[in-house]
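Open the model in a viewer and keep the selection panel at hand.

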Amino acid sequence: MESAVNQPVQYLKGVGERRAGQFARLEIHTLRDLLRHFPRGYEDWSAVVPLSAAPPGEACCVQVAVTSAVAEHRVRRGMTLYRFTASDGESRVQVTLFNNPYMASKIHKGDSLLLFGQVKGGFPRYEMTSPLIESTQDGQRIRPVYPQTEGLSSRVIEKAVAQALQQAGDWLDADPLPASLRQEKGLCTRRFAYENIHFPVDHTTLAIARRRLVFEELFLLQLGMLQMKGRTRQETGAVMSEDYSGEFYRLLPFSPTGAQRRAIEECVQDMRRPYPMSRLIQGDVGSGKTAVAAGVAHTAIRNGWQAALMAPTSILAQQHYQSLSELLGPAGIRVELLTGALTAARRRELLKDLGEGRVDLLVGTHALLSDGVDFARLGLVITDEQHRFGVGQRSRLAQKGTGPHLLVMSATPIPRTLALMIYGDLDVSVLDELPPGRQPVATYAVSSRKRERAYGYVKKHIDEGRQGYIVCPLVEEGETDLASAQAWAQQLAQGAFRGYRLGLLHGRMKAAEKERVMNAFAAGEISLLVSTTVVEVGVNVPNAVIMVIENAERFGLAQLHQLRGRVGRGKYASTCILISDARNEEARRRLKVMCETNDGFRIADEDLKLRGPGDFFGSRQHGLPTLKIADLQADMDWLRQAGGAARHLTESDPQLASPQNRLLKEEVRLLFGQVGEQGFN
Ligand code: ADP
Ligand code: MG
């Protein structure tokens, strides 16, 4: 039978088509979505205080009797005040409402009311402005406050949730968490949890409800990731019998760092096992991930397999193509680039060669995922800067082979506490060593008054034969990326940098155009690249030693770190100048962190402190489901406990195939369904 929780919210009393549209904006379509729309906070109407004891500056609930009629004052056109007085038996309060004739008409002398809001003034006369008002019978409880949207108030959502709870009885009583687990962890039932997260009886029941929901969320998440991992462990991969890394090291123009060697070895070992590798190479900007990818691809190819490397932008794909063909070409390995810029004829020819096994390593953007891109023997899939790809995309590329090995490279320095969570389905190698001779990028934060001086400094470097970047101001609302970047570049070309060779790079350019500009910059034909944040990821031009970032306050720490990582990639000392006139404390602190350290992990930790993990965990970043209720910092201990329980369960029932785990399996599928993961059926 179709459960009531799958019914659309539209059929709830008082909802209808228009409201359903508003709910849809909050991603609430069914009763289940509605029940999982958890309050963002609560109003405590249960603890009534005397006016004289109201906490200053905070909302609270008082109980009063109305002692006057409601008086109407027309202040000016479109602004009417309604005033009445009331008493809590001890003190008097004057209450003012703005433009609320409906509420005013319902209040009469002698009524007993609960008012919720800030109490101002002092004895003998207090004041409240626009408090929330309820009749005494209805109000005395802890009320949920929901994330709202235009036209859809928390109160309307509350009424809908109350109905949904009434109708979803079967779902509330079908608890996916096994009773034994609930007992072991001291968790309440699903029914108790949902009833009390929305309408808590008191603070204790609220805490009990939250505990259960947090556990459940973290448990399902980790269970899902373990399942993915388990699945890969069951297939037979492209087994590689030989290790060719020694041969590869001789191709490199430098000697690999210890960390690079270790990472390559770990990968080669993985690939010699009879199931597919799933490994993340995590290395700060400039740590040399490309060489690791090349080394691993080299061994796969020498074992007779094909490899694919997917990059998030065409600039990056182009660049990888170039460095990989330079490196591997001399060993007789054929590297090709697949982008949207190919002519139809060239593309057809390339795909034919690929399908017949004549291309060894195919580099490209997500164009690699498209139909018609078929390999003869795909044995290794590499994705660069993976936080831009979803879990689903990663597995789609893998489906072009039979159990190919998977290597994921990420420069996002994820705080160690979160890495496990985000990459729970992968083994991790860390590149914790930079190539020798790297100097930290000296970083300065200056106000726009120093812009001319900063430009002077840039010119000095260019005059010495080096290159630089200027990252454009971020776009104002209503202005296009294109217009602002073009205008900025033009202003520089005619002003401060007249006579210098400038290039412009922005997000609206066609892939082929971007490639042309990037190639010219890499070849040194352009000295100064004026750019929007498209340079953010991965670009490698070691001769570029200076970067100026405009409106630096508008970038997050992680993004600033990525941007800055474009300089300091060679033997020259490098500089980054952050221009900002921001005064607010958080922005100042971000800039200060940037000036103090080049350590990606420290920056990530600071970022986490400043922004909170909620942001970090948005599903855009890494393709995992967004957490609805757990707070990764506050609930760290629960994360560990849930992880332990998930592993335990997975050991006894890896596929969640047993009947008593049917509901759990369904929940995992629903959770990951939202990110397009295809592995769960
Ligand atoms: P990222 O990890 O940011 O992707 P890259 O792979 O682009 O870093 O490498 C950054 C630069 O360091 C490149 O110019 C690369 O040639 C160089 N490099 C990588 N490994 C070494 C090494 N072991 N010794 C010297 N230079 C290296
Ligand atoms: Mg890179």
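**Ligand site**

Select Arg438 with ligand 1: a polar side-chain atom of Arg438 lies 2.6 Å from an oxygen atom of the ligand, a polar contact being a pair of N or O atoms within 3.5 Å. This is a predicted model, in which local features need pLDDT of at least 70 and side-chain atom pairs pLDDT 80 or more, while totals for chains, interfaces and linings use all residues. Residues are numbered from 1 along each chain as its sequence is written, chains are lettered from A and ligands numbered from 1 in the order written, and side-chain values use heavy atoms, without hydrogens and water.

Next, select Thr290, where a side-chain N or O atom is 2.7 Å from an oxygen atom of ligand 1. Taken alone, ligand 1 exposes 570 Å², and the protein buries 85% of that (Shrake-Rupley accessible areas, 1.4 Å probe).

Now show the residues around ligand 1 (a heavy atom within 4 Å). There are 17, and Gly286, Lys289, Thr290, Arg438 and Arg569 come nearest.

**Aromatic pair**

Finally, select Phe38 and Tyr194. Their rings form a tilted pair, 6.0 Å centre to centre with 40° between the planes (centres within 6.5 Å; under 30 degrees is stacked, over 60 edge-to-face, the rest tilted). Phe38 lies in the loop between helix H2 and strand E1 and Tyr194 in helix H8, so the pair ties together parts 156 residues apart in sequence (DSSP runs, helices H or I of at least four residues, strands E of at least two, numbered from the N terminus).

Note on methods:
Polar contact = N/O pair within 3.5 Å; in protein donor to acceptor, adjacent residues only side chain to side chain.
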